[in-house]
Amino acid sequence: MRFNSTPQTTTLLIYLFALISLTLHLIGLNNYGIGRDEFLHIALGNHPAAGYMEVPPFIAWIAKFSITFFGDSAFAIRIIPATFAALTILTAGFIVKEIGGRNFAITINGLALCLSPAFLASGYLLQPVVFDQFWWVLTYFLLIKYTFTRQSKYLLFLGPVIGLGLLTKYAILFVIIAIIAGLLLTAQRKLLVKKQLYMAVFIALLIFLPNIIWQYLHHWPVLTHMKELTATQLVHNTAIGFIKAQLISNGTAVLLWIPGLLLLLFHKKMANLRWMGFSYFLLLALLIYFKGKPYYAFGVYPVLFALSAYGIELVTQRTNTSLKYVIAFLVLLPNAVFMPMFIPILPIDRAVVYFKSLHMDDFLYWEDGKKHQTTQDYGDMFGWEEMTAITAKAYAMIPENQRNSTTIFVENYGEAGAIDHLGKKYKLPPVVSLSSSFTLWAPERIPYQCIIYVDDKGQVEKIKPAYAKAELIGTVTNKLSREYETKIWLLTGAKVDINPVYQSALKEKRQ
């Protein structure tokens, strides 16, 4: 099993693994439904702006483009994310080639990335994560290209890459800080005085400026969002949990990147790349300190895989080629066993049975701290059609001459986005919600004679006294859905104008 490492075959291998990644994701794109966050991002795309409450605008641009040119199915909205996942693997492959890696390094890097649970899970959803990971990897690639070629243009290219990264997810700031600190700790610190680098900073800030202005004009909602996120989710994160997630999230590829990280730090032939090893540890330290979610760090692993693959190829040059490939495949192919947990390639009933057989309980715990039958990502893909159909049933029960005086009010952004998107076929009016960015375009007053209330937390009890009749129209019955037991109420016969209460809540949300 000897492969000639010509530049042509090496490049072909790189493209082959990118194509494998794209194919794997395309297989499962349309098997389940659209996810909770994806519905939000579709809604953002329907309301163009330079910023939003929870994310910068890049994901909204992608959503709008996808809906306009590809359609509104789950498959259509996921084509671009799956393509960017493939581009991430492509870029990581070219990192291996740039630093001197040949076919064996390209193979183990590509195999590790294509089968990594972390990248299988994030590589197809219409979420900022997959784009964020691409900008991170491209940032490292450009710095490596400069290191090996000394061509200043690669430093200039950092400007648009980091600028777009900031418009995708603010988390790229963590890796920028870590890279700068890593460079300062090595001889590569000389790079930091290059004028082209500061020109790149200016370009990045220029690209990012509209979002800064938007944040200023809206009283910095990102800070409010971060406070809420910290209080409700990040506060539960621990250093041990974070580190454990780093060790298990890439499955058996941990046997690639840990030895590779040691080689990066101590092998003399990798000394000029050592700053990247330091940047990895500094990134983890930053995220642990700020109680970041484990997946915030995943964007660095394609780079770490690439460097590790090269390092392992270096120290195994005299090992029998066939033996090396056999060992690599035996180590990395077992990750394929976990594929149905992260790409929806099985019918959900078969998937649930399969999950039980794996005994991988860590992946079945949701944000509520409870173990469920499926992963949270999959749980976010079910129940929406049922919820929307019940909402449409409630709307159809209202006499036509009263429908202009009706509001569909929902409690969370997933419900709002789903009913907005799926309700088109029922000709439902736009929903009103005070969750996340829906607050930005919520009307100042709402029709209140009839309210269809989608209730998942019992909040409807506060508004029931204002109506003569409160009728439960239906409940989400899909036990695999995070919306299981969400209730849809029809409130009729308004006794008082509820707008003062609504307007008070709207004002509070917008502050």
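Buried residues are defined as those with under 20% relative accessible area, exposed residues as those over 50%, and partly exposed residues as those in between (1.4 Å probe, protein chains only). The structure is a predicted model, in which local features need pLDDT of at least 70 and side-chain atom pairs count only at pLDDT 80 or more, while totals for chains, interfaces and linings use all residues. Residues are numbered from 1 along each chain as its sequence is written, and side-chain values use heavy atoms, with hydrogens and water left out.

Helices (H or I, at least four residues) and strands (E, at least two) are DSSP runs numbered from the N terminus. Helix α21 (residues 413–422) is largely enclosed by the rest of the structure, because eight of its 10 residues are buried. These are G414, E415, A416, G417, A418, I419, H421 and L422. Their cover includes α2 (36–45), α3 (58–69), α20 (384–396), β1 (406–410), β2 (432–433) and β3 (450–455), with contact taken as heavy atoms within 4.5 Å. At the start of α21, the backbone nitrogen of G414 lies within 2.9 Å of a side-chain oxygen of N412.

A nonpolar core is a set of buried Ala, Val, Leu, Ile, Met, Phe, Trp, Tyr and Cys residues joined through side-chain atoms within 4.5 Å. The largest such core has 155 residues, of which F131, W135 and Y301 touch the most other members. Helix α7 (residues 128–149) contributes the largest share of this core, 13 residues. Not counting residues up to four places away in sequence, W135 touches F58, F84, V161, L164, G165, T168 and I172. A second, separate core of 16 residues includes L434, A442, Y467 and Y502.

Notes. Polar contact = N/O pair within 3.5 Å; in protein donor to acceptor, adjacent residues only side chain to side chain.
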